[in-house]
Amino acid sequence: MRPIPHAQSFRFATPILILMVVAIWASAVFALDGDVRIHDPSTIIQCNGKFYTYGTGGSCLVSDDGWTWRRGERPARSGLAPDVIHIGDRYYMYVAANIGGQPKAAINMISNKTLDPKSPEYKWEEAGVVASSNGVEFCNAIDPGVFLDPTDGKLWLVYGSYFGYIRLVQLDPKTGKRVDPSDTPVNLAVNCEASDMIFHDGWYYLLATHGSCCRGADSGYNIRVGRAKKVTGPFLDNEGIDMLEGGGKLFLGSGGRFIGPGHFGLLDLGSGVQRFSCHYEADLDRGGASVLDIRPLLWKDGWPVAGENFKEGTYEIESVRTGTALELAVEGVPVGGKRAGGKGGGGFGGQGGVIPPQTVAQVAMNWPAGNIDIRMANYLCQAQQKWAVTPVANAGGYLGSPYFKITIAGTDRALAVGEDNELIALPAFTGGHEQLWRLDQLTDGTWRIMPKSASTGKEPLALSAIGSSFATLSKFDPASDKQRWLFKTP
């Protein structure tokens with residue numbers, strides 16, 4: 001977070017991110033629900049089943065499900081762009097403040113046994129300064145980002161802003177304090193801020209925010225990334241440019257009605273599902289306020305890619321494993337009718353002209369009135385193979401997304417879980433848990449489809465392609481293609 005805007009410009013290569021086949025979206029993205037106004041949010045963290053994030057000025061947001069958010073209680077110390085991590089039985093919060101004007105600054109650590117203000121153990125304890133800048137050196141010690149190395153258990157802190165270097169110091173995971181305050185910090189990057197570090201598949205990644213901030217819809221914030229084989233760098237982008245020389249591969253820029261993304265935070269849900277949090281400097285649908293967002297995190301060719309939250313629309317739902325599509329178990333009717341003689345080609349010349357899309361009204365007169373089984377078949381653009389996926393209002397959600405209903409397009413026939421935990425289509429959507437679906441984009445860009453009613457037990461179930469003609473529900477296996485799906489526009 002940079003209190004005084006200070007724009008910089010560099011020449012960057014703009015990568016074209018090509019993912020696996022996903023839908024061409026037809027409608028606006030669904031933002032998080034509730035009160036999501038916050039600037040410089042910390043990495044989202046869980047405590048006793050609730051989600052918390054903290055922002056500049058002492059702001060706090062809390063959510064019971066990761067979808068609907070509300071205002072939370074201010075921590076004992078407020079300041080600039082805090083970050084939080086949970087290690088052992090304590091939560092460590094790192095929060096910065098400029099002292100008499102930047103770039104003179106200090107980052108303090110406070111800790112607590114819980115983030116729940118209603119708990120009798122809720123008490124913030126001061127632990128002092130872990131990093132600072134004296135106003136003369138080429139660094140502004142704000143915007144802390146804390147990182148626990150999964151390879152060796154060491155704890156690190158990255159910090160800094162456009163007033164100089166992004167720096168790295170080592171912390172003690174047992175206390176959260178600086179290991180040796182006399183150690184010289186390591187310089188990792190320059191001319192960026194709001195940095196954070198993650199580890200993936202043998203590489204360390206430094207994600208940092210470039211561009212101008214704190215100007216609302218005129219902010220140029222964007223998130224860029226470099227990677228290194230060592231936590232101390234050097235962090236190079238995809239063109240081999242060191243982040244100490246202004247390098248950084250574009251991860252996320254402004255798009256649609258969301259301006260100026262910054263402050264990346266990793267959310268690893270396990271089983272091949274990762275998400276990230278950020279804030280936008282301006283959400284034009286919320287009066288230009290700075291707001292929280294949560295999006296899928298994908299990986300391609302060794303680099304993180306910002307995924308898209310699912311958007312409502314009409315889709316073919318295709319199995320990655322079999323290439324066949326989910327459909328009602330009814331007798332299909334060829335689009336345009338059975339082949340006739342046609343002009344030329346001895347019956348292969350077609351009927352001439354454009355064949356219009358097949359509608360439910362044309363073919364549904366013989367469909368059963370009650371429940372209908374679900375099967376899979378080659379996609380033939382028929383009405384029983386087209387599914388409308390729509391968010392359900394007031395049904396809650398999960399981390400970053402609402403629950404969806406999945407119905408045959410043009411009808412109210414709803415995909416549901418039957419009493420035997422097998423798939424059926426009900427005559428109408430009634431809002432029951434067995435008719436609500438969770439859609440998680442996996443790190444390769446495909447999707448996992450899970451029913452709400454069968455995802456709260458000991459073994460969450462996911463839609464699974466057993467063979468080319470049969471789909472069922474089974475425990476999710478991240479190593480298999482059986483439970484990976486594509487949503488394609490018909």
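In what order do the four strands of the open sheet with S10 run? The order is S10-S11-S12-S13, and the pairing is antiparallel. A strand here is a DSSP run of E, at least two residues, numbered from the N terminus. Two strands pair if DSSP finds at least two bridges between them.

Before going on, some ground rules. This is a predicted model, where local features need pLDDT of at least 70, side-chain atom pairs count only at pLDDT 80 or more, and totals for chains, interfaces and linings use all residues. Residues are numbered from 1 along each chain as its sequence is written, and side-chain values use heavy atoms, with hydrogens and water left out.

S10 and S13 (186-190) are its edge strands, each pairing on one side only. S12 (165-171) meets S13 over four antiparallel bridges. Arg167 stands opposite Asn187 in S13.

Next, another open sheet of four strands. Its order is S14-S15-S16-S17, again with antiparallel pairing. S14 and S17 (249-252) stand at the edges with a single partner strand each, so one side of each has no neighbour in the sheet. S14 and S15 (203-210) pair over six bridges. Glu193 has Thr209 in S15 as its bridge partner.

Now the largest pocket. A pocket is an open set of points on a 1 Å grid over the protein atoms alone, where a 1.4 Å probe fits, with protein on both sides within 12 Å along at least five of seven lines; lining residues have an atom within 4 Å of a point. Its lining has 36 residues, with Ile44, Leu266, Leu267, Asp268 and Leu269 nearest the centre. S10 (145-148) and S14 (193-200) are among the strands that each supply at least two lining residues.
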